[in-house]
There are 2 protein chains.
Amino acid sequence: MSRHARTVVYQAGTEVFGDETAITGYSNVVSGVIKLLKVLEDGRQQVVGLKFAPDFMGRLFATDNRLSAEAASLVRLCHVPRAVLESLLPQSRPLERRLMAETLRELDEAREWMVTLGQKSASERVASFLYLIGVHLCPQSSQAPGTIAYELPLTRRDIADFLGLSIETVSRQLTELRRLEIIAIRNKRQITIPDIGRLRGRCG
Amino acid sequence: MSRHARTVVYQAGTEVFGDETAITGYSNVVSGVIKLLKVLEDGRQQVVGLKFAPDFMGRLFATDNRLSAEAASLVRLCHVPRAVLESLLPQSRPLERRLMAETLRELDEAREWMVTLGQKSASERVASFLYLIGVHLCPQSSQAPGTIAYELPLTRRDIADFLGLSIETVSRQLTELRRLEIIAIRNKRQITIPDIGRLRGRCG
DNA sequence: CGAGACATTGAATTGCCTCAAGATTAGTGG
DNA sequence: CCACTAATCTTGAGGCAATTCAATGTCTCG
């Protein structure tokens, strides 16, 4: 498989693939963050998922994409053409299992986020978002309960579209979390979380 | 496989399986509607999916459920013990594919609903819900644009928990749709939709 | 017929949004 | 190095959609 794999780079803000376009292949995220989004006819848009390294992107047995994908930050992908992966599939049970496991994980994440969108307040949503990013960008945070820090891979607009809130509400909630010293922010994007447990406690 | 399958019946409101319990097997919905739900510690709950006949329920390679399931109406299930299906899997490529396809469909539905929860107004959500139920309970509605009618399988509370709204808001929006003669309601549960296209137009 | 669950309606409140004005940051060219 | 601009973000004021609280209405079933 690796013989046919190619590394592809996307600048922040560029489209990786469009809704209802043909599926060209399958990719692994090597670095950076990709947002998956769905848009309504009138322009409202919802970020329905985020992809971090080393997530897998693709869709077996389908020919068309059901959503669009955009690089949130600078992204490097390892891309395999559709035909290659599909020709390998019949021979490789483990590969098929890995794809199934990845899909189930995506489903879990989507449903988890449905709870956030349907039930949580603005402040709980923003806390849940910061926690989610922390878990993905600082995997060690799950065990060691110390300080973590990261650079936000999303703009305020992206965050708002992910959380189903307005930009202004996101900004106000971030300010409030900073006032409470649950987070610190430098240069809009640099987030420090001194106590991940305290943040977790505000996720609802 | 059919040798080991058993039909199981659940009364409306009873639990089919609980969150974080062991997976006992796999089932097909024969009739009725099942709601999948996630609850927060403080009791808020979100319906994260609905299962109609002939949907499949189960989770490969996992030992525990990640959510709970409850019969919304009287439900009949065709249940296969875990060990049976998993022993059949290595022999049956088509079965494995069917499970993968079902999981991908669930993922699509979840993401579609994220858009509803994140972006739509109360009136659009209620319209989207009535449309969704119509499509599932009256499959012919997709082609023929005539009148459709069905019995709502969910209580107002269930609907509210699915839509991320309060019961009262759901009720008010139903009343408004009735006033506009987009739907008719008899006995709280009997819904008639004279023109599914008009309803579709209010889904956002 | 009466009790209890479920649903509707109304009135008041509130959380988030919209609109509008500044502040901050990054990038550009003199 | 320092304006200058454009983009992004923050903050404030006011409005509105959805919630909460409370009361009334409707259906089901003993």
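Before we set off, keep in mind that this is a predicted model.

**Stop 1: the two protein chains.** Show chains A and B as cartoons.

**Stop 2: where the chains touch.** Now colour the contact residues: 28 in chain B meet 27 in chain A. On the chain B side, β5 (45-52) and α2 (93-119) each give two or more residues. The largest share, 16 residues, comes from α2(B). Colour that side by class and you'll get 14 nonpolar, six polar and eight charged residues. Both copies use the same surface, as 96% of the contact residues of chain B recur in chain A.

**Stop 3: DNA strand C.** Next, select DNA strand C and whatever surrounds it. Which elements each supply at least two residues here? They are α5 (167-179) of chain A, plus α4 (156-163) and α5 (167-179) of chain B. The largest share, six residues, belongs to α5(B). By class, this surface has four nonpolar, seven polar and seven charged residues.

**Stop 4: a pair of cis bonds.** Zoom in on A:A53 and A:P54, which are joined by a cis peptide bond with omega about 0 degrees. A:P54 sits in the loop between β5 (45-52) and β6 (56-57) of chain A. Hop over to chain B, and the bond from B:A53 to B:P54 is cis too, with omega near 0 degrees. B:P54 is in the loop between β5 and β6 (56-57) of chain B.

**Stop 5: positive phi angles.** Select A:E181, in the loop between α5 and β10 (184-186) of chain A. It isn't a glycine, yet its phi is positive, about 60 degrees. Is A:E181 buried or exposed? A:E181 is exposed, because it has 10 other C-beta atoms within 10 Å. Then try B:E20, in the loop between β2 (15-17) and β3 (25-31) of chain B. Phi of B:E20 is positive as well, near 65 degrees, and B:E20 is exposed, with 10 other C-beta atoms within 10 Å.

**Last stop: A:L132.** Look for A:L132 in helix α3 (residues 122-137) of chain A. A:L132 has 18 C-beta neighbours inside 10 Å, so it counts as partly exposed.

Terms used: Residues numbered from 1 in each chain as written. Chains lettered and ligands numbered in written order. Predicted model: local features only at pLDDT ≥ 70, side-chain atom pairs only at ≥ 80, totals over all residues. Helix = DSSP H or I, 4+ residues; strand = E, 2+ residues; numbered from the N terminus. Nonpolar A, V, L, I, M, F, W, Y, C, P; charged D, E, K, R; others polar. Contact = placed C-beta atoms within 7 Å. Buried ≥ 20, exposed ≤ 12 C-beta atoms within 10 Å, placed from the backbone.
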